[in-house]
Amino acid sequence: MDAERVLAGLDPEQRAAAQAVRGPVCILAGAGTGKTRAITHRIAYAVRTEAIPPGQLLAVTFTARAAGELRGRLRTLGASGVQARTFHAAALRQLQYFAPRVLGGAMPDVLDNPLRLVANAAARLRMRAERAELRDLAAEIDWAKSVLATPDAYPQRAAAAGRETNAAPDEIAKLYAEYEQAKRRAGQIDFADLLLIMAGAMEELPDVAEEIRSRYRHFVVDEYQDVSPLQQRLLDAWLGERTDLCVVGDANQTIYSFAGATPDYLLGFRRRFPDAVVVRLHRDYRSTPQIVALANGVSRETGLVLTGQRADGPEPTFAEFDDEPAEAAHVAAQCRSLTENATPAAEIAVLFRVNAQSEVYEQALAEAGVAYVLRGGERFFDRPEIREARLLLRGAARAGEDSAEGLPDAVRGVLSSLGWYPDSAPPGGAARERWESLAALVTLADELRAADPNAHLAELVADLDQRANAQHAPTVQGVTLASLHSAKGLEWDAVFLVGLTDSTLPIQHATTPAQLAEERRLLYVGITRARERLALSWALARSPGQRRSRRPSRFLEGLRPASGPPVTTKKKRVKPEAEDAELFGRLRAWRKRQAEAQGVPPYVVFSDATLVAIADAHPQSPNGLAQISGVGPAKLTRYAAPVLEVIGGADPEAVDPVAVG
Ligand code: ATP
Ligand code: MG
């Protein structure tokens, strides 16, 4: 591609940014306005016109995924020699090369998880902390390092920043100091150290600084609103006295301030570089005008208004449900109908506030036969608290520790030995996620009990085993399940924003105006991920039959249709009509054998709802069967013959299970 063609794909403002090859440049613009596109084209243009040798350019961003995305786009534009890395990856490479000079020895071991060292340090200080609390303490130490606070400075900085922690600030300061010492003794460093060491080396050792600065002369930073003081310090060290820096960002998308990021550097860029070229973009190329209007509604206080450039699309939808399983079933059915109508699964995302919300969606999608990929979080059954809980539940089932009050009560009893109590969600990210994961188990118990009033612990344990097996099937192509945080910078044709209740978004522990503003920005980020279809939903209770005490997110006030609750759909508990009971029973018996032959849970073959529909409709041909919701093309090919046999009156025990490869 020649240089002019690179520019042809840009609008006049984007082009102005791309043609400003040298000097400080700042692109300040809303979501979907083509910031990432402008910088990739700017880099490609500079390389194509030979204004900058590709090897002298370093593009940085915040996640490995975003860096990969940058590299991919650069390759397409014919600028593959350019380095696109995260701050950490760039610092790691530099330290690997300079370790002998900077540290006087070999490259130290880089800890990819500081948890064990933090746990040891806590034990030495006789601090009592659960695993999830340790994770929060480790995150707190990382915050301190991101904002360049030493252990001594920590208590004061934490107070100024309004940090909410599980332990007293001076205890955390001691833990932080102890952790640093233990790490040094072990000859290890953590991720933050990579940046600290490289920045320090360039500040102290002129020859190292000079060598790095002669290698990299031009810098580009995407998502600059989420830079931390530590990352900024490294960037400043790279830059030295020079000004060849191009930053792009959107202050409305600052969603990592809890981890030390700040939009101040983005917003103060003009002050620091008075002669900077500042470009503002306002045309939104990503989303339909309907989605853009909603995004503008959410960000209205900030004064930034986007103008949608695309053709009209459907209005965003708002839906209220009685409980989470009903919400998830509805979303899964919609995903399914989208994939059956030519939207590839990879172009669909279900986004939520906390990872624990994923379980009910993992399950609903599996049940609806829709493949999914979980991003940026551990699959539900891989989480340590869920493994622990399953072990305990299995033990309790074996010991017959069922409760007279029923299954959910027995489960609550077992979980209380893990320190889990209803209505006691703790503060702190990881502790809260753990609490939510365990709460999801109680939801499963409630559901099982609603479906089968006689279910005991043993049935729950069997049910969990089946789910775990079904969900462990690895998938490559599927609907994305991701947290709002990990969706930044990405886009999909259809986006479902789920669980939008007032204690989840804003999250319960967000109370200060600053925290609430960050929660609102998360909603803005979520909405602006969608190109064409956007569905927002929430459930009034966690589990079926519980009191419907939740309220929709306050951020939706004035945005969702005002008149009454919008759509109320109730997930039907399957109860076949009496006249079909005989056929339904035989279909179930067939399904059971078929599922066993395949080694999968029955709902993977057909859901109960589908079997009821089949029994009701009594189809006589493959065509008739294909009309039934839940019978997709793949299932039709597989199961049409045996199902029609059973409908025709065959004894399910006499119908051989079909082989499924
Ligand atoms: P975010 O704030 O979410 O990171 P962004 O500002 O970086 O968004 P991009 O991802 O660069 O936006 O662009 C959003 C979408 O709009 C992409 O699909 C991109 O290809 C398209 N787009 C951007 N600019 C143009 C343009 N001038 N013409 C056509 N399509 C464009
Ligand atoms: Mg972007």
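Helices, here, are DSSP runs of H or I at least four residues long, and strands are runs of E of at least two, both numbered from the N terminus. On this basis, Asp-11 is found in the loop that separates helix H1 (3–8) from helix H2 (12–19). The model described is a predicted one. Within it, Asp-11 counts as buried, because its relative accessibility is 9% and the cut-off for burial is under 20%. The side chain of this residue makes a polar contact with the side chain of Tyr-285, at 2.6 Å.

The secondary structure of the protein as a whole comes to 27 helices and 17 strands. The C-alpha trace spans about 85 × 65 × 50 Å along its principal axes. A compact globule of 661 residues would have a radius of gyration near 26 Å, and the 28 Å of the protein therefore agrees with that expectation. Of the 661 residues, 52% count as buried.

The chain is divided into five domains, of which domain 1 (3–92 + 195–279) and domain 3 (317–379 + 472–556) are each given as two segments. Domain 4 (391–419 + 428–470) is likewise given as two segments, whereas domain 2 (112–189) and domain 5 (578–654) are each given as one. Between the C-alpha centres of domain 4 and domain 5 the distance is 30 Å.

Ligand 1 is surrounded by 20 residues, and the closest of these are Lys-35, Thr-36, Arg-37, Gln-253 and Glu-491. Domain 1 and domain 3 each supply at least three residues to this shell. Among the secondary structure elements, helix H3 (residues 35–48) gives the most to the shell, with three residues. By class, the residues of the shell comprise three nonpolar, nine polar and eight charged.

Several side chains approach oxygen atoms of the ligand. A polar side-chain atom of Lys-35 lies 2.6 Å from an oxygen atom of ligand 1, and an N or O atom in the side chain of Glu-491 is 2.7 Å from an oxygen atom of the ligand. For Arg-73, the corresponding distance between a side-chain N or O atom and a ligand oxygen is 3.4 Å. Taken alone, ligand 1 exposes 640 Å², of which the protein buries 84%.

Backbone geometry was also examined at individual positions. The peptide bond from Leu-505 to Pro-506 is cis, with omega near 0 degrees. Pro-506 is placed in the loop between strand S15 (492–497) and helix H22 (513–527).

At Arg-126, a residue other than glycine, phi is near 55 degrees. Arg-126 lies in the loop between helix H6 (115–124) and helix H7 (131–146), and its relative accessible area of 74% makes it exposed. At Ala-342, likewise a residue other than glycine, phi is near 80 degrees. The loop that holds Ala-342 runs between helix H16 (324–340) and strand S12 (348–352). With a relative accessibility of 71%, Ala-342 counts as exposed, since the cut-off for that class is over 50%.

Technical notes
Residues numbered from 1 in each chain as written. Chains lettered and ligands numbered in written order. Predicted model: local features only at pLDDT ≥ 70, side-chain atom pairs only at ≥ 80, totals over all residues. Heavy atoms only, no water. Near = heavy atom within 4 Å. Polar contact = N/O pair within 3.5 Å; in protein donor to acceptor, adjacent residues only side chain to side chain. Areas by Shrake-Rupley, 256 points an atom, 1.4 Å probe, with all protein chains shown as cover. Nonpolar A, V, L, I, M, F, W, Y, C, P; charged D, E, K, R; others polar. Domains from an automatic or database assignment. Rg over C-alpha atoms; globule rule 2.2 N^0.38 Å. Buried < 20%, exposed > 50% of the residue type's maximum accessible area, 1.4 Å probe, protein only.
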